[in-house]
Amino acid sequence: MSFDITSNAQDDSVTLKLSGRFDYEAHDSFVASYSDKLGFTKYIVDMKATDYLDSSALGMLLLLKDFAESNSAKVSLTQVNDDVRKILEIASFDQIFSID
């Protein structure tokens with residue numbers, strides 16, 4: 001399955017909805033989905049339809065975190081399925097991000 005991302009800005013937050021395989025091939029579209037979204041206090045990564053992520057995806061999440069924090073914003077990961085949650089926990093991302 002290929003990767004798809006949509007972004008929706010509403011009030012003070014940006015929601016990034018990820019779908020498919022979140023890996024290195026997604027880098028350009030992932031960064032483009034938030035890099036022009038300034039002035040928000042929260043970035044929500046909706047991973048309901050994410051069926052896979054690799055180490056490069058973990059790195060991209062850290063890039064988003066750095067971007068958000070440089071703009072005094074927070075990042076949260078939502079609707080994370082059990083398989084993806086396990087990877088995030090093994091990488092200790094549950095210590096870095098709010099995961100729902």
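Guide: "Buried" here means under 20% relative accessible area, with exposed being over 50% and partly exposed in between, all with a 1.4 Å probe on protein chains only. Bear in mind that this is a predicted model, where local features need pLDDT of at least 70, side-chain atom pairs count only at pLDDT 80 or more, and totals for chains, interfaces and linings use all residues. Numbering starts from 1 along each chain as its sequence is written, and side-chain values use heavy atoms, leaving out hydrogens and water.

Let's go for the β4 end of the sheet. Helices (H or I, at least four residues) and strands (E, at least two) are DSSP runs, numbered from the N terminus. Strands count as paired if DSSP finds at least two bridges between them.

Now β4 itself, residues 74-78: it pairs with β5 in the parallel sense over 2 bridges. Leu77 has Ile99 of β5 as its bridge partner. With 4 of its 5 residues buried, β4 is largely enclosed by the rest of the structure.

Over on the β3 side, β3 and β4 run parallel and are joined by 5 bridges, and Lys42 has Lys74 in β4 as its bridge partner. β3, α2 and β4 form a right-handed β-α-β unit. The chain then crosses from β4 through α3 to β5, again in a right-handed β-α-β crossover. Right-handed means that, with the strands pointing away from the viewer, the path from the first strand over the helix to the second runs clockwise.

Rings of Phe, Tyr and Trp (its six-membered ring) pair if their centres lie within 6.5 Å; planes under 30 degrees apart are stacked, over 60 edge-to-face, the rest tilted. That rule gives 6 aromatic pairs. Tyr43 and Phe67 have ring centres 5.9 Å apart and planes at 75°, so they sit edge-to-face. This pair links distant parts of the chain, since Tyr43 is in strand β3 and Phe67 in helix α2, 24 residues apart. Tyr43 is buried at a relative accessible area of 0%, and Phe67 is buried too, at 16%. Ring pairs also tie Tyr43 and Phe67 into a cluster with Phe3, Phe22, Phe30 and Tyr34.
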